[in-house]
Amino acid sequence: MRRLEDAGCSVWLNPYGRVLTKAEILEYAYDADAVIVGNDEFGADVIRALPNLKMIARHGSGVNNIGYHEALKRGIVVTNTPGANAEETADLTFALILDLERHVTLMNEELKRDVWKKRAGHSLYGKTIGIIGVGAIGTAVARRAMGFGMDILGNDIVEKLEAAKTGLIFTSLNDLLKRSDIVTIHAPLTQATTNLIGAKELRMMKDNAILINTARDGIIRHSALEKALVGDKLYGYASDVHEGEPPKHSAIFDLPNVLVTPHAGSATYEANYRMGMAVADNIIAAMNGVTPPNLVSPMSVMYG
């Protein structure tokens, strides 16, 4: 904020500390030249209603909540902060994996009710983890998996050398699903990944496998996931991403082998500082007539 003010910006802050409604966005951002968007829904209708808008700076990496094509049509610059929260999201991913495999939350809740019950779980050493989406976050997950002595599979449209250095082997999605004890999703939500994991894909997975989603809600088909969990097809499921923020209460939230967190992958002081600095870099560059360092391209919106 100080950097933006020093650069000559008048900065208006979200007074609520939560995602804004459409009406609130229009109220507070009506005269704005640039907006900093978190997980707020910033669709084409909102963009059309803001007459002075020249730039949308996403505080985060995913832009599926932004009406990108409407922005492109109006010549509005869209930026994001890719990789700024990669390590933190990878940390949370492994926290969820360990919690599900060793029943940490469940045993904690039981013991606090004076129930002494050692629940047998699964070791991570020697198991296979499958990473769908091997970008900055997926690669950070692979580095952590290497430290646990796991076999690592990956699936992505681009096979990056850096990920392969962790011992990750790229393979097809079907092969990854069939062989993995843990499947974790780190792909962007695009036309290609919407409902990527449905009934057919869940049937391919091992009966004692767990599924983790810290990417985007729409990548997994909800109806198929609920059937798999209720039918004991999956050993466990954890998600940091949901339909709506906050989401409506889902029936799967009440299952003992399901963990849910409130989109907290980037919720550390360090990650938010990095994202904030990257947002400032993007806005100040655009103000100075320079191409922002993290300009979102049409190809990245389509394919990630």
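This is a predicted model: local features need pLDDT of at least 70, side-chain atom pairs count only at pLDDT 80 or more; totals for chains, interfaces and linings use all residues.
Residues are numbered from 1 along each chain as its sequence is written, and side-chain values use heavy atoms, leaving out hydrogens and water.

Me: Which residues of helix α2 are called buried?
Reply: Buried means under 20% relative accessible area, exposed over 50%, partly exposed in between (1.4 Å probe, protein chains only). In α2 (residues 22-29), E24, I25 and A29 are buried. Helices are DSSP runs of H or I, at least four residues, and strands are runs of E, at least two, numbered from the N terminus.

Me: What puts these residues on the same side of α2?
Reply: They cover an arc of only 105° around the axis, so they share one side. The arc is that of the directions from the helix axis to the C-beta atoms. The face turned away carries exposed A23 and E27.

Me: What do the buried residues of α2 pack against?
Reply: They pack against β1 (34-37) and α3 (44-48). Contact means heavy atoms within 4.5 Å.

Me: How many bridges join β1 to β2?
Reply: Four, and the strands run parallel. Two strands pair if DSSP finds at least two bridges between them, so β1 and β2 (residues 55-58) pair.

Me: What makes β1 and β3 edge strands?
Reply: The open sheet has the order β1-β2-β3. Both β1 and β3 (77-79) pair on one side only.
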